[in-house]
Amino acid sequence: MSNPKSLTPQQLARLRAFISSEPLMTHQEFTSKWDVSRELVAEICHVDIRTCNCWFSQGFSHQDPQLYHKWYLTIADLILDQYEYLPEFVGILLCPDDF
């Protein structure tokens with residue numbers, strides 16, 4: 001069994017910056033930027049269509065997506081918009097079947 005690596009101060013600072021960051025992409029921004037259905041948004045976020053529809057609704061049935069849903073959309077936007085510019089190892093991590 002190997003010993004886990006210790007974090008350097010710089011790595012810890014980067015990790016803390018990531019932890020405190022807020023994802024930028026909302027479901028409205030994603031569907032405004034990309035011509036996708038709510039069904040695909042639901043699939044990206046790993047929720048059922050009813051949950052996704054609640055995000056887009058107004059009034060009593062409205063719900064806000066969780067932060068991790070916004071992260072899924074942020075990553076999906078990155079894949080759609082910047083994939084060819086990503087280092088190969090990141091592309092493999094995000095889309096292993098593409099390689």
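Analyst: A residue is called buried when its relative accessible area is under 20%, exposed when it is over 50%, and partly exposed in between, using a 1.4 Å probe and counting protein chains only. The model is predicted, so local features need pLDDT of at least 70 and side-chain atom pairs count only at pLDDT 80 or more, whereas totals for chains, interfaces and linings use all residues. Residues are numbered from 1 along each chain as its sequence is written, and side-chain values use heavy atoms, with hydrogens and water left out.

We may begin with L7, which counts as exposed because its relative accessibility is 52%. L7 lies in the segment before helix 1 (9-20); a helix here is a DSSP run of H or I with at least four residues, numbered from the N terminus.

We now turn to the charged side chains. A salt bridge is a side-chain nitrogen of Lys or Arg within 4 Å of a carboxyl oxygen of Asp or Glu, and the count comes to 3 salt bridges. One of them joins K33 and D77, with an N to O distance of 3.0 Å. This pair links distant parts of the chain, since K33 belongs to helix 2 (residues 27-33) and D77 to helix 5 (residues 67-82), 44 residues apart. The two partners can be described by their accessibility: K33 is partly exposed because its relative accessible area is 40%, while D77, at 12%, counts as buried.

K33 also meets D81 in a salt bridge, at 3.2 Å from N to O. Here too distant parts of the chain are linked, with D81 in helix 5 and K33 in helix 2, 48 residues apart. D81 has a relative accessibility of 31% and therefore counts as partly exposed.

A further salt bridge is formed by R50 and D48, whose closest N and O atoms are 3.6 Å apart. R50 is exposed, at 62% relative accessibility, and D48 is partly exposed, at 36%. As for shared partners, salt bridges join K33, D77 and D81 into one network.

Technical notes
Helix = DSSP H or I, 4+ residues; strand = E, 2+ residues; numbered from the N terminus.
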